[in-house]
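Thanks for coming. Please look at the structure on the screen while I talk.

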Amino acid sequence: MPETQSPSAAQDAGLQEFLHIPPELLWQPYVPNASDPWDAVKVAHLYRRTSFGASYAEIQAGLKTDPESLVRQILNTSRNKNDDDAIAFEHDTRQMTAMALDSGNSRELQAVWLYRMLHSPQPLLERMTLFWHNHFATSNAKVRNLRLMQRQQDSLRNHALGSFDDLMQEMTFDPAMIIWLDGNTNQKGKPNENYAREIFELFSLGVGNYSEADIQEAARALTGWSVVNDEAVFQSPLHDAGSKSILGETGRWTAGDVVRIALAQPACPKFVVRKLFREFISDSLEPTDEMIAPLVEEFRQRNYDIGWIVGRMVRSWLFYSPLAIGQKVKSPVDFLVGSVKSLEGTMSLVQMAETCQTLGQNLYFPPSVKGWDGGYLWLNSTTLLQRQNMAFSIAGNTRTTDPAQLTEKYNIEGDETTATFFLDLFLQQHDPEIVAEMTRYLQEERLKLKTTFQSDSSREAQLARKAAHLTMTMPEYQLS
Amino acid sequence: MQLTRRDLLLGSTVWGCAAAMPSVFRRAAWAAPPADAAGAKDTILVVIQLSGGNDGLNTVIPFADPAYAAARPVLKQTKDKLVSVNDDVGLHPALTGFGQLLENSQLSIVQGVGYPQPNRSHFSSMDIWHKASREKEQTYGWLGRTSPLVGTSGASLFIGEGQAPLALYGATGHPPTIRHLDDFQLRVAAGENDDVRKRELIQQFASRNLKSKSPLNKLVQESALETYRASERIREATQNYQTPVAYPDTELGQRLKLIAQLINGGISERIFYTSLDGFDTHAAQLPLHESLMSTLSGAVAAFQQDVKHHGHEKRVVTMTFSEFGRRVKENGSLGTDHGAASQMFFIGEAIIPGVIGAHPSLTDLDDGDLKFHTDFRSIYATVLEEWLGVDSVQVLGERFAPVKLFAHQQQSVS
């Protein structure tokens, strides 16, 4: 390939053109240049993927730095367990969590998690915790024990940017997981294959990379673990100590060996990288093996270091290309938390948790062990309409997420400026035609409001809310 | 402007991408076809998916076979409690509504349904039932492939939570999901007020020409537009519905009621799909399964009664399936593990009532599971040809021997 053919040269061509770029170039770090500058679109994109969105001020500040510095700051903050802000935040949320657990109400616990997503000084850590909740999808519908669900979440958070190896080991002996996948009833002589199957099919290898016999043998290796008094307990009389042959390795394997053997399979790093690709790059394109090859082997050599691979992905040229920007559908959490963050507001967290459920993402209750399908499957005619109606209530809420507070804070005056401001805030683009249409609408509404008896500030506030609502109902707003 | 499938399969060659991005809600024209028009059919298919793998052996129970009690020392249902069917099999005691349907000649039990080399993963086996195709490249579901052949009225609706299942996914994407009627209106102003101009602008912004080349962006645009149109149609279809039938207060009951409302409203769709979840009974199966049986039976019986009350009984047939049955021998946790062959139910006035096919042997097993004798694709083929009136080979890719399932098949043979 000639040197002149850098990835960014293809930027203005259709997406099809991008697909011919050699994989190693796709994963090179993005360096801003005149034809591919560091702009608000990219800053907001980075914040959407590594946090839950950004405020107007954060976007402006991000523009003043460079991608490498911003990525490093985001990663380091979320990986630093000794960060003072993080320790203080952890202290506060622990208390909230304890209260929620005492209430026994899953909504309260969901509310605390949403609080974390909105306010954590380590937003990437929260994103990854949610990602792993979807990967090791465990539902309280069956576990029916919020303390164990929370303990699992704490483990997920603890390893969220650490080693996938540690995370797999931890999940294998996680009490909620043992209950969820019937480990409790998996005993010597009467194995229950549920757990073994999902370890291979959904957690580490994917369909086609193991046989039914591997599952039966792995189920035997997993026997003996159950949950007693909320703790994972190993009872050797219930364990099948005989020899098992799993994925070509024969020995008197136990649970830890099942994980070790799975992680040693070439299919494992591929499977995890694919899942991370879907999370960080695009949920609408399925990469080929060649495409992800530059990451797969190194991921395994680095002992499945999640922080490393996330950093590699969000620094890449691919990440800042049209193949990634706007190539995901916002999850309900993205949509709600992102809207509230953009509006620099708050929201009743219990209501937010309820709305997440209505929109299809009931936290702590994924629909199956496969997790939420996500991607364009988040949207159907019902949920899309509900999102639009939710946008109406958020933009019309005069107490907690009032768009009028923003226009006041940033001194936004005039109908055209207001329209442009909200388009930039929510979409980082202001198509002149849209600005013109929206300005005309705001002017007409201004005239109507003048005939009613109200103050200037009340009128301006109403217009700001209308502009915000209109922007949030644009189809692009559903994309991340 | 419509996207072609090629547009949607972005980079299918280079990236080996199989993830089509469909137009989620594009739908056929409104207005049902007149039933008496030449060649026109107005038959309706309702599919109830039993998710998780229903224990068929404890649903239609071969009580007369001693191997049954031997395999199910704890979970067995005794003969005296069963809903009577014939000398060989009886229905689970909670299937009283099904018993009533059977007495009314409205229930058909097709036994021993499955497919070769059964897969015991929920997701893989459900995919097999949904796709009904051996072609690896096939990304559409069997009903998704059926819709365009049925014509303008062939669109389907999914009644439930979340995205419509793969079975309904086709060239026009996923059909709409309907949960309740009342949350199906776009709000633009507080209280009873309206803001006509804002409503127009929302639609206008969703229909403008995009500068972006992203198929996902186009997809969301189309979805939004179609959503606004569909909400208006459904409001019209259900305005004046009343029924004397008391549906059970279960989710399935309410979903089937909604389907009855839509049918009665004259909505053009002829394929309705819903699901009942929770059949993955690995442990403590007895109470769980009983509750599921009761839910299924009660809701379906009420639905059939309602359909008859409104005079649609000749047009509507309901079908149930599950991704697999469960292992013959119960496990050590008072439950059952994933199995293979099982039965399908058909409900309606157009079907041949009673038991179709023998119960699979409880001793001649395939790795501990029941062997199938009727390929589910034969059943699909029969439904396609004899009920929806489309060429089954176009949908299934090959010819499957039909099963005698509908009353008119008997007449035409004799």
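I will go through some strands of chain B.

This is a predicted model, where local features need pLDDT of at least 70, side-chain atom pairs count only at pLDDT 80 or more, and totals for chains, interfaces and linings use all residues. Residues are numbered from 1 along each chain as its sequence is written, chains are lettered from A and ligands numbered from 1 in the order in which they are written, and side-chain values use heavy atoms, with hydrogens and water left out.

Strands here are DSSP runs of E, at least two residues, numbered from the N terminus. Buried means under 20% relative accessible area, with a 1.4 Å probe and protein chains only.

Start with strand 1 of chain B, residues 44–51, where eight of eight residues are buried. In a regular strand the side chains alternate between the two faces of the sheet. For strand 1 of chain B, one side has B:I44, B:V46, B:I48 and B:L50, the other has B:L45, B:V47, B:Q49 and B:S51, and both faces are covered.

Next, the partners; two strands pair if DSSP finds at least two bridges between them. Strand 1 of chain B runs parallel to strand 9, residues 316–322, with seven bridges, and B:I48 stands opposite B:T320 there. Strand 8 of chain B, residues 271–277, also pairs with strand 1 in the parallel sense, over seven bridges; B:V47 stands opposite B:Y273.

Now another sheet. In chain B, three strands form an open, antiparallel sheet in the order 2-4-3. Strand 2 (60–61) and strand 3 (83–84) of chain B each have a single partner strand, so one side of each is left without a neighbour in the sheet. Strand 2 of chain B is joined to strand 4, residues 90–91, by two bridges, and B:I61 has B:G90 as its bridge partner.

Terms used:
Buried means under 20% relative accessible area, exposed over 50%, partly exposed in between (1.4 Å probe, protein chains only). Helices (H or I, at least four residues) and strands (E, at least two) are DSSP runs, numbered from the N terminus.
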